Amino acid sequence: MSVSRRTLLTTAAGAAVAVGASTAPAASAATPDQLDLASATRTLRQAADYAVAKLRAVAPGVTAFPVGTKFEKWTYSQNGDWVGGFWPGQLWLAWLHSGEEQFKALALASAEKLAPRQNDTSTHDLGFLFYPSWVTAWRLTGEEKWRAGAVQAASSLIKRYNPAGRFIRAWGSLSDPNNAGRVIMDTIMNLDLLAFASQQTQDPKYLEIAVAHAQTAQRNFVRPDGSTPHVFDFDPVTGAPVGPNTVQGYSPASCWSRGQAWGVYGFTTIHRRTGDPEFLTTARRLADFALGQLTADHVPVWDYLAPQAPDDVKDASAGVVMACGLLDLAELTHRPHYRESALRILTAVSRTCLTTKSARAEASVARCTRNRPAEDGVEVSLPYADYYLLEGILRVLDRRKVDRAIDLSSV
């Protein structure tokens, strides 16, 4: 992009601002065209309407929790696995977008099925399970049981904290020595449940554990170029670092794109809850690396540093997760190129990754990859892609609606 060119962007308040090319990252050189805001807004509104229409058609027949598609049809978990919160979360966003009461009723019924999981100490994913479902239910209805259940889930989550290493263990029951020192990037997204619990109880222990974990991840995961591994292992007894590893990425030295996206979103969120500038700096480093890896289609490859990248299978879920984090970054750093990048990603996914040409499809977003090394869910639909697409689009179209659901405030 030449220095003389300027791009019009829309701020969160809806005002147009001019952004000089000097603020754009190097990745924008791959997309020299101006962002047509009117066209992008139309595309995003159409995508949101499509997602809501899909839910309108499919949701009444859903009695469990979608975990991914097989031949374009949802497969299910009865207890929610780690993704159970995204189904009621989608329904809440559909209710906010459409005003249709059936979505509220379905969201409440779905969230209720997660009740037994609030006492589950065997997983780090309680934030994924309870924030978009129970925290959102409390924020939108004011019913005490949703708040209390979310706080109980946070109490279960902190039992996984290892004080020697200052981290939250990712996998395995508390009595299982296997994986006892294993930390993964995904956990950064579960920390906001702890921030919520401290806010609600006025007990600082939850947020203190969230901050300790984030600091440990910040110190050990982030490479000099801003890329990250999926996994970092520690000695569970002493807490000493062992080294990087991976499960869903190509290798310990690669950069799994959805893990990178979790980091962009998660570090930005923990900054919003604490005001710690180091977390914001970390989020920017991760975002700048990922944006530098995007090709002209603006849909992330499944691993940015795999040998076939960027000519490899895509993961649209990584794109929509990162877009949500980029929208936060744009507001917090006053650097509109992050917002432009988010709009380009959301628009690209909306134009090239939706299931609009399939009469069979039960999901909204295609071209997602769950676990490429295991050949598990390659180029399928995933519930978190549908959720974050709708969250990202509504952040752009009407930020206040998303704020009602998930709290976009900063300290």
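Leu389 sits in helix 12. Keep in mind that this is a predicted model, so everything here is computed from predicted coordinates. Is Leu389 buried or exposed? Its relative accessibility is 1%, and since buried means under 20%, Leu389 counts as buried. Setting aside residues up to four places away in sequence, Leu389 touches Val320, Leu346, Val349, Ser350, Leu354 and Val365. There's also Gly319, 70 residues away along the chain, with a C-alpha to C-alpha separation of 8.8 Å from Leu389.

Helix 12 (383-397) turns up again when you look at helix 13, as part of what covers the buried residues there. Helix 13 spans residues 399-406, and its buried residues are Val402, Ala405 and Ile406. Why do they end up on the same side of helix 13? Because they cover an arc of only 70° around the axis. The general rule behind this kind of pattern is that an α-helix has 3.6 residues a turn, so residues three or four places apart point the same way. Besides helix 12, the cover over that buried side includes helix 2 (86-98), helix 4 and helix 8 (257-274).

Take helix 8 to begin with: it packs against helix 9 (residues 277-293) at about 160°, with the axes 8 Å apart. An angle over 145 degrees counts as roughly antiparallel, so that is the label for helix 8 and helix 9. Their crossing is left-handed. On the helix 8 side the contact uses Gln260, Gly263, Val264, Phe267, Thr268, Ile270, His271 and Thr274, while helix 9 brings Pro277, Phe279, Leu280, Thr282, Ala283, Leu286, Ala287, Phe289 and Ala290. By class, that contact holds eleven nonpolar residues and six polar ones, with no charged residues.

Helix 9 also meets helix 11 (residues 336-352), where the axes come within 12 Å and cross at roughly 50°. That makes helix 9 and helix 11 oblique to each other, and this crossing is left-handed too. Arg284, Ala287, Asp288 and Leu291 of helix 9 make the contact with Tyr338, Ser341 and Ile345 of helix 11.

Now for helix 4 (residues 126-141). Helix 4 packs against helix 5 (residues 144-157) at about 155°, with the axes 8 Å apart, so these two are roughly antiparallel to each other. The crossing is left-handed. Helix 4 puts Leu126, Phe130, Trp134, Val135, Ala137, Trp138 and Thr141 into the contact, and helix 5 answers with Lys145, Trp146, Arg147, Gly149, Ala150, Ala153, Ser156 and Leu157. Of these residues, ten are nonpolar, three polar and two charged.

Ala180 lies between strand 6 (167-168) and strand 7 (182-184). At 17% relative accessibility, Ala180 counts as buried. Leaving out neighbours within four places in sequence, Ala180 is in contact with Phe167, Arg169 and Pro236. Arg335, by contrast, is 155 residues from Ala180 in sequence and 40 Å away in space, C-alpha to C-alpha.

Methods. Residues are numbered from 1 along each chain as its sequence is written. This is a predicted model: local features need pLDDT of at least 70, side-chain atom pairs count only at pLDDT 80 or more; totals for chains, interfaces and linings use all residues. Side-chain values use heavy atoms; hydrogens and water are left out. Axes are lines fitted to C-alpha atoms, for helices over the stretch in contact, and angles run from 0 to 180 degrees between N-to-C directions. Helices (H or I, at least four residues) and strands (E, at least two) are DSSP runs, numbered from the N terminus. Angles under 35 degrees count as roughly parallel, over 145 as roughly antiparallel, 65 to 115 as roughly perpendicular and the rest as oblique. A crossing is left-handed if the near helix is turned anticlockwise from the far one by less than a right angle, and right-handed if clockwise. Contact means heavy atoms within 4.5 Å. Ala, Val, Leu, Ile, Met, Phe, Trp, Tyr, Cys and Pro count as nonpolar, Asp, Glu, Lys and Arg as charged, and the others, Gly among them, as polar. Buried means under 20% relative accessible area, exposed over 50%, partly exposed in between (1.4 Å probe, protein chains only). The arc is that of the directions from the helix axis to the C-beta atoms.
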